[in-house]
Amino acid sequence: MTVSTGIITEDHKKQFVEEGYFILEKVISEEHLQIIRDACDHLIDLMHQEMDRLGTDHIHISHRGKRYHIAKKYDQAPRLDEYVFGDLMAEICKATIGDTAYLFYDQYVVKAAEKGIKFSWHQDSGYLGFRHRPYVTCWAAVDDMTVENGTVDVLPYSTIGVRSLVEHIQDPETGDKTGYFGKEPGVTAVVPAGSLAVFSSLTFHRSGANTTDKMRRAYVTQYSPAPIIDPETQEPKHLVVPFLKDGDRVVS
């Protein structure tokens, strides 16, 4: 069974439908926040080991000492699944994508002090390259988030006038994909650690460079209402981990 935290309001649900996002400040428990931080340290160590093994400083869109994109490792760090499949995530899923949910993706996005590279405007769905049912992204502030350390900006549907998947262009140097080249600044999530930016996979968002002297960490979990199948391979894309069925947590 899942337990409602009472955090998600009808206004949040309405804003998600109409604008594609909502922001929750300081909703992650201190215990879970510490678990997320410890897991981040553990997974960065593992990535450095893999970079050493391959003789490189660049894996996908991760760059040693500058930016880390550590994906689909929720089960390789102690206790991280307690947050990923906890009551808070269950409540968010039910409020956004419904009573059935699968963990589709998880990732740490870490920007090193004074070196963190920015991310351009994109839809998360733009990284898949094919049409699918939208999923929900839960962007967790592991540290206090500011403009200076490269927090996330979100473009409301009403601002950009787009709520469907658009074509993205990939930067061959960084691996980033960009789907919006306009000048709208979006809504900036200046929030304390333990906060969440929740948005649709069709919502445009970006983040700036970290210009401070401290590391900036975010942890992203994404949940889909059904398995996402790659039309070319007919195989599931990324993760298909059952989380909710008929509103209750699935025990696996």
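Mentor: Let us begin with R206 and D153, whose side chains meet in a salt bridge at 3.1 Å, N to O. The model is a predicted one, in which local features need pLDDT of at least 70 and side-chain atom pairs count only at pLDDT 80 or more, while totals for chains, interfaces and linings use all residues. Residues are numbered from 1 along each chain as its sequence is written, and side-chain values use heavy atoms, with hydrogens and water left out.

Trainee: Why is the contact between R206 and D153 called a salt bridge?

Mentor: The term requires a side-chain nitrogen of Lys or Arg within 4 Å of a carboxyl oxygen of Asp or Glu. The N to O distance between R206 and D153 is 3.1 Å, so the pair qualifies.

Trainee: What do β8 and β13 have to do with each other as strands?

Mentor: They run antiparallel and are joined by 4 bridges. Two strands pair if DSSP finds at least two bridges between them, so β8 and β13 meet the rule. In β13, the bridge partner of D153 is R206. Strand β6 (residues 119-122) also pairs with β13 in the antiparallel sense, over 2 bridges, and there F119 has S207 as its bridge partner.

Trainee: Which other salt bridge can be set against the definition?

Mentor: The side chains of R217 and D143 meet at 2.6 Å, N to O. R217 lies in strand β14 (residues 216-224) and D143 in the loop between β7 (136-141) and β8 (152-155), so this pair ties together parts that are 74 residues apart in sequence. R217 counts as buried at 13%, and D143 is also buried, with a value of 13%.

Trainee: Where do R53 and E50 lie?

Mentor: Both are in helix α2 (residues 30-54), 3 residues apart, about one turn of the helix. R53 is exposed at 59%, whereas E50 is partly exposed at 31%. A search of the whole structure finds 11 salt bridges.

Trainee: What makes strand β5 a mostly covered one?

Mentor: In β5 (residues 101-111), 10 of the 11 residues are buried. This strand pairs in the antiparallel sense with β14 over 9 bridges, with β4 (residues 67-71) over 5 bridges, and with β15 (residues 241-245) over 3 bridges. Among the facing residues, Q107 stands opposite V220 in β14, L103 stands opposite V241 in β15, and R67 has K111 in β5 as its bridge partner.

Trainee: How do you know how many disulfides there are?

Mentor: A disulfide is a covalent bond between the sulfur atoms of two cysteines. The rule applied here asks for a pair of cysteine sulfur atoms within 2.5 Å, and the count comes to 0 disulfides. For C40, the nearest cysteine sulfur, that of C138, is 18 Å away. The sulfur of C93 is 6.0 Å from the closest cysteine sulfur, in C138, which is too far for a bond. C40 is buried at 0%, and C93 is buried at 0%.

Trainee: Why is the meeting of H132 and S125 called a polar contact?

Mentor: A polar contact is a pair of N or O atoms within 3.5 Å; within protein, one must be able to donate a hydrogen and the other to accept it, and residues adjacent in sequence count only if both atoms are side-chain atoms. The side chains of H132 and S125 make such a contact at 2.8 Å, so the distance falls within the limit. H132 is placed in the loop between β6 and β7, and its side chain reaches the backbone oxygen of F130 at 2.8 Å.

Conventions. Buried means under 20% relative accessible area, exposed over 50%, partly exposed in between (1.4 Å probe, protein chains only).
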